[in-house]
Amino acid sequence: MKGLQRQIFYFSLGLSFFIMLTFVLLSSPVFYKYEFSKGDIFLQQRTHVLANYIEGFFSKFIVMIEYLSKDPKVIKAYKLSEKDKIEVLKHFYTFNQIDPTIKYIYAGYEDDSLLIYNYDTPEGYKSTERPWYKEAVRYSSKISEGVVYQEFGTKEWLVALGKALVDENHKIVGVVAIDTSLENLLKVFREKIGIYETAYSFVIKKDGTVLIHPDEKLLGKKMENLPLREFLSNPEGKVEFVQDGLTKIAYYKRLEILNWVLITVVDKAELLMPVLVIIGMSVMMIGSIAFSLGWFVSYWLTKHITSPINLLKENLLSISQGIEIPEEFRNYPKNEIGVIAKEIEKLASTELFKRKVELEKLTERLKVFAERDFLTQLFNRFKFIDELKKEINRYNRYQTSFSVILFDLDNFKVINDTYGHDRGDYVLKEVSRLIKENIRQTDLPARWGGEEFVILCPRTIKEEALVIAERIRQSIATYPFEEVGTLVKRIVSPYKISLQTFASIRIKQT
């Protein structure tokens, strides 16, 4: 025998019956505590990993719904012409292409109309009577907690998230919603991870309705005997409850973005079983080993097994919380346990780093969607308004001049009608590029809406703004747009710019 096996063999030969029996009796609480501690760590880590995955999965849909719920065309679509409704549907289609897990993007209105892409509305369909519409209206200014349903044709499980559409009079006129497939999430929740056969995770709403569960029969139904009050009073924690006659140990975490609760459970009996097996085996060994076994094994386990495992447990907890471990706290034995402990630490650090990088990339992507216009990649109206407020505050405090250049392309509808919307989009992209080429690094260009553009020029007086505006006008007027050609030159008119006292700029067509 080599290494650890030889040490155990030699030590066991000279140990006694009495000390072994004492050791078994004294070590039982230690084994009990260790197994339950290991189970707690598993439940907590599994819950946190799934929570990060779910929040990352749904956060992009939340950003899309928030954006669409503020779009004036989406809000007023039921009043618009068929042509304008088609434009809104194209907008939905664009978002649908961003993520293949999106099944439908649609908007229902108070007149029971439904604006949806790639779906035939059944006869007699009334939007206001659908569960997704009622739930979104009930949550008003917030995104609904979601409605789970199984599609009639494909039998695919979907969850519908929606938000009420509010007009300028603060009246709810409809709901915009996104249906996304749960298939990928269900696959993740069905996977067995770890050593516990009875362990599984599921997601519920605050009223106990099941949203995600390995057992599809429970989707959309309410689970009984859950400690809902505990789930709602604390953001996360450990609970114990009885379900179907079995005592369950669970770790839960509230997902704040949608007010859901993620729960990972395991049967308490499964955590107890290793303790009972260890005690039973130890008792059976008493008759075959020597009298002095207790003292030596106790000493040896403390030095070579228990301490390294406890040290590994503490280090893994520190790694999971992002705490850097000093080298003096990695003093593992020079045997198989030490090698395994170091490899486990390395694996845990690598996986946590990957998760952090993925979340940072996702956050950056969502930030771009929130601030940029999808077509032109200029800043959108909301970002521009935020920056304009900062300039106004700076002006009020320091009297620092600034200018705002606002202009549009006259008769832009001619391009769309003559050459098609693809050419129109091309012209808007090229105009955006010309704007960026003819402004300063400190200027902030944005698409105000349609063919309207606006530029914020910090620390800029009237005369300087006139130079910038004229430079932009000339570059657009002389640019040879493909296929469109001189048409753009005809529709881009010269502008006269006048600076108001408050340092804002108005552009008038001469």
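What joins the side chains of Tyr 149 and Asp 179? A polar contact of 2.4 Å does, a polar contact being a pair of N or O atoms within 3.5 Å, where within protein one must be able to donate a hydrogen and the other to accept it, and residues adjacent in sequence count only if both atoms are side-chain atoms.

A word on the model: it is predicted, so local features need pLDDT of at least 70 and side-chain atom pairs count only at pLDDT 80 or more, while totals for chains, interfaces and linings use all residues. Residues are numbered from 1 along each chain as its sequence is written, and side-chain values use heavy atoms, leaving out hydrogens and water.

Back to Tyr 149, which lies in strand β3 (residues 147-150); strands are DSSP runs (E, at least two residues) and helices are runs of H or I, at least four, both numbered from the N terminus. Tyr 149 and Asp 179 are 30 residues apart in sequence and 9.7 Å apart in space, C-alpha to C-alpha.

| Residue | Relative accessible area | Class |
|---|---|---|
| Tyr 149 | 27% | partly exposed |
| Asn 380 | 6% | buried |

Asn 380 sits in the loop between α10 (336-371) and α11 (381-398), and its side chain reaches the backbone nitrogen of Phe 382 at 3.2 Å.

How values were computed: Buried means under 20% relative accessible area, exposed over 50%, partly exposed in between (1.4 Å probe, protein chains only).
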